[in-house]
Amino acid sequence: MWSTPYDIIIVGAGVAGAALAHALSTSKRLNEKPFRICLLERSLAEPDRIVGELLQPGGYGALQKLGLESCTDGIDAVPVRGYAVVLDGQPVHIPYPDAREGRSFHHGRFIQALRSKAKQAPGVEVIEATVSELIECPVTGRILGVRATRKAEGAVEKEPFFADLTIVADGCFSNFRSSVMGQAAIKPALKSHFVGLILEDIQLPIDKHGTVVLVKGHGPVLLYQIGTHETRILLDVKAPLPNDLKQFIIDEILPQLPSSVHLALHRALDKDRLRRMPNSFLPPAEQGGHHTKEGVFLLGDAWNMRHPLTGGGMMVAFNDVVILRDLLTGVRDLSNWKEMARVLHKWHWKRKALASTAASNTLNAVVNVSTVPFHFFLESFLTQFSSSATSSPSPSTPSG
């Protein structure tokens, strides 16, 4: 159709973007030609986030399918074998089925390991640049690529990058969600905020298990190790946030937490700043139809978000990459949007078995109602999230 230096542009080298670049570069295409991929990332410095630190067993299994399980090596990652749900000081032990394991870690270290794999992958060019706009054909409206400014001293010129297919994976604060989705765009619904700190050298109720503490009158509290000596605590705080967040935690939340946490939490509150992240819900609208832009689609949190308490975000992202790898390597011509639309339709339905499970939806509801017997719901949730999706609902019978 036209001469382009790349087959695929991926905007964002986070969990989904970096993994997909590596996956496509190491897969054999139907036409035998390796993909030429441009992976654009605003900053290749190690990110510092308070979410994206706990990978469920289903996500770790997908990581293994992608040949990326070594990304959890050498970063002080911790095995996760299930959950302890604490209500009124009493823990309920809920292990993952079949003794499966997930991993928890520092988000930034894990992302840098994924990026390293992408940089080493054949046919992938990783460029540090800020993407400012999508390049649209003035006649057809099709997306032909992006304009970006490289991160170099004195660089101000927007440089065009062209490809047959553009994949936008720029995260929950996506700058291009509305442009890609058009009339189908949905605004993320803010449910609450996660407020996070790192606690040092504490003993959780059950070793190598995530801990969910049900706090009366407030959202749940999640704790999990991210290193040998470090444990993440995330407090689910409903909007609007209190004016004095630190005092709110001391007065309302801390007394309901396990006693082993109290001293470490006081220390963290004294020396560290409180970090916060919005907890948003964004259902996945099908892409590839007449209502969305041709030549481009969304991936990861740019397209679909669930409450971080489920721990399912990275799991769904990695399973999406597994599905897309298998579908895209069978595409003869990425510029043929009729063929691509069929691929996106197949992807949408293949992922539903995992991304829209009743267990996940139930858990999202429980986040807002802490008075129900939570551990019964969590058992169902863990059963779903301990394994990858193995079946897909029929397109004629929508679910979720």
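Which residues does H348 touch, not counting residues up to four places away in sequence?

## H348 and its surroundings

In this predicted model, H348 is found in helix α8, which spans residues 337-355, and, residues up to four places away in sequence being left out, H348 touches P284, A285, E286 and W303. H348 has a relative accessible area of 6%, and because buried means under 20% relative accessible area, H348 counts as buried.

## Cavities

A search of the whole structure finds three cavities of 30 Å³ or more, and the largest cavity holds about 60 Å³ of space. Its lining is made up of R177, M181, A184, A185, I186, L282, P283, A285, L298, A302 and W303, a set that divides into 10 nonpolar residues, no polar residues and one charged residue. Two residues of this lining, A285 and W303, are also among the residues that H348 touches.

In soluble globular proteins, nonpolar side chains tend to be buried together. The largest nonpolar core of this model has 75 residues, of which F318 and L328 touch the most other members. Helix α7, covering residues 313-328, supplies the largest share of this core, with nine residues. Apart from this core lies another one, of 25 residues, with L197, L223, L235 and L245 among them.

The contacts of F318, again not counting residues up to four places away in sequence, are with V15, A19, L55, G59, A62, L63, L66, F110 and L114.

Terms used:
Residues numbered from 1 in each chain as written. Predicted model: local features only at pLDDT ≥ 70, side-chain atom pairs only at ≥ 80, totals over all residues. Heavy atoms only, no water. Helix = DSSP H or I, 4+ residues; strand = E, 2+ residues; numbered from the N terminus. Buried < 20%, exposed > 50% of the residue type's maximum accessible area, 1.4 Å probe, protein only. Contact = heavy atoms within 4.5 Å. 1 Å grid on protein atoms, 1.4 Å probe; cavity = no way out; pocket = protein on both sides within 12 Å on 5 of 7 lines; lining within 4 Å. Points joined across faces, edges and corners; volume = space filled by probe spheres on them. Nonpolar A, V, L, I, M, F, W, Y, C, P; charged D, E, K, R; others polar. Core = buried A, V, L, I, M, F, W, Y, C linked by side-chain atoms within 4.5 Å.
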